[in-house]
Amino acid sequence: MRVQQYVREWTEQPVRNVLAGMVGTFALIPEVIAFSYVAGVAPEVGLFASFVISIAIAITGGRPGMISGAAGSVALVAADLVHEHGLQYLLLATLLAGGMQVLFGLLRLQSMMRFVSREVATGFVNALAILIFSAQIPQMLHVTWHTYALIALGLAIVYLLPRLSTAVPSPLICILVLTGISLAVPMPIHVVADLGALPTGLPHLTWPQVPLSWGTFQIVLPYAFAMAMVGLLESLMTATVVDELTDTHSSKRMECTGLGISNIFVGLSGGMAGCGMIGQTVGNLRYGGRSRLSTFTAGAFLLLLLVAMHRFVAQVPVAALVAIMIMVSISTFSWSSLREMVAHPRLSSTVMLATVVVVVLTHDLAAGVGCGVLLNGLFFSFQVMKLVQVRTEDTPDGTTRTYHVRGQLFFASTSVLTDAVDFQGTAKNVVIDLADAQLWDISAADTLEKTATRLEGCGKTVTILHADARAAKLLATLGHPNLLA
């Protein structure tokens, strides 16, 4: 990236970007605390992570104006690790996930995200919404009626207030009102202090207190890989949304390495891995935040608020967080996808549903995306395979038969050619015309070679016409360059 461009991404419209970043902080706090308890960690773990990520990725990231923090998708992946092995294992997983993300960017593997189709992305967000909602259910069991009343009031504030004014984020008003009520009228409810300690100062460098043995890495590596892939997926999806909203381009490779570097710092600061946050990013853009300064401000102002107001934050009712997370799950879910299931091709809907089902059953967002991408590839191959056609043409004297092949020949479609060839026919000369066909892999070339060999074994003369350079190269690789006419 050119130095002039990088400096401009820090200095353009500083006042507007600082104000937008401050608003983004208010939108960040309630969700980060809520995501922290989803992951089963103290609020300070998510808040420190969001502070460190925002500062670090503002410097190292590739998408100006994007807000990153301790997001729900990564929290959901990390929850089982925390519940079974504790926070220290999460810190090691965060370090490893950051290293994987840096490697992902250095190897330019961000282009692999192009294989994540719209159906898979829709399934991803729908499954994420379902998991976020299901994570709230334990907080609504075995509680008094006061909790249900506060959740209902919180939802009313979150949904109705924006109709009157959007000057202040409604989740923040929800927290202020419900906290005020719980302080004025003492009632048997859970508060944020019950979830764990809040930060009162700057984070400090730490190292995961776990035995560095092969057994430890066997436990941590699957979670680290899932956290890395889910974080990259959500960050790159968020960066794409910002590109479209701002009509600009960003460096996806730099975003991958920047996220990895940020998560390494997070792990060394006692925080949980994070990634891009779509809701906060869109809010930042809405209030004019387009530069790296807005991202930096969101993190710096977050720490300032926590140090100055940690006693108030400790008294926030958990019911307020539940209400906010229910709103997040509802707004995250793609309701239009339910209508589209009827209008879209059946295979597309199958990919989306399979992604949702795998994620919900396994609580592994990376596994769901992997399943969706695999199904998409299989269905695409099946559709392309059906386009392959083989037309037969005989000379008037019946001595020569020509097979005109049309379409893409690869591992899944070569059987169409084999099935069309009559090995026991009376024609002594066989021509395979590839003028309208393309060979894409060794499997196709191998099938072509074996077909010609079988025909020659039946006493026929075989000629292959109009093969392109790729076919010639593949046949030469197999050691049969002389098959082509």
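Which helix gives the most to the lining of the second largest pocket? The structure is a predicted model, in which local features need pLDDT of at least 70 and side-chain atom pairs count only at pLDDT 80 or more, while totals for chains, interfaces and linings use all residues. Residues are numbered from 1 along each chain as its sequence is written, and side-chain values use heavy atoms, with hydrogens and water left out.

Helix α9 (residues 214-246) contributes the most to this lining, with six residues; helices are DSSP runs of H or I of at least four residues, and strands are runs of E of at least two, numbered from the N terminus. The second largest pocket has a volume of about 400 Å³. A pocket is an open set of points on a 1 Å grid, reached by a 1.4 Å probe, with protein on both sides within 12 Å along at least five of seven lines, and its lining residues have an atom within 4 Å of a point. Of the 15 lining residues, M113, L236, M237, T240 and K252 lie nearest the centre. By class, the lining comprises eight nonpolar, four polar and three charged residues.

A nonpolar surface patch of about 480 Å² is formed by Y159, L160, I330, W335 and L338. Such patches join nonpolar side chains within 5 Å, from residues with over 30% relative accessible area and no salt bridge (a Lys or Arg side-chain nitrogen within 4 Å of an Asp or Glu carboxyl oxygen). Y159 is located in helix α7 (residues 145-164) and, at 37% relative accessibility, counts as partly exposed, that is, between buried (under 20%) and exposed (over 50%), with a 1.4 Å probe and protein chains only.

A467, in the loop between β6 (461-465) and α19 (469-477), is also partly exposed, at 27%. The C-alpha atoms of A467 and Q438 are separated by 7.8 Å, the two residues being 29 residues apart along the chain.

Note on methods: Patches are made of residues with over 30% relative accessible area and no salt bridge: like charges are joined within 9 Å, nonpolar side chains (Val, Leu, Ile, Met, Phe, Trp, Tyr) within 5 Å. Accessible areas come from the Shrake-Rupley method with a 1.4 Å probe; for residues, only the protein chains shown count as cover. Grid points are joined across faces, edges and corners, and a volume is the space filled by probe spheres set on the points. Ala, Val, Leu, Ile, Met, Phe, Trp, Tyr, Cys and Pro count as nonpolar, Asp, Glu, Lys and Arg as charged, and the others, Gly among them, as polar.
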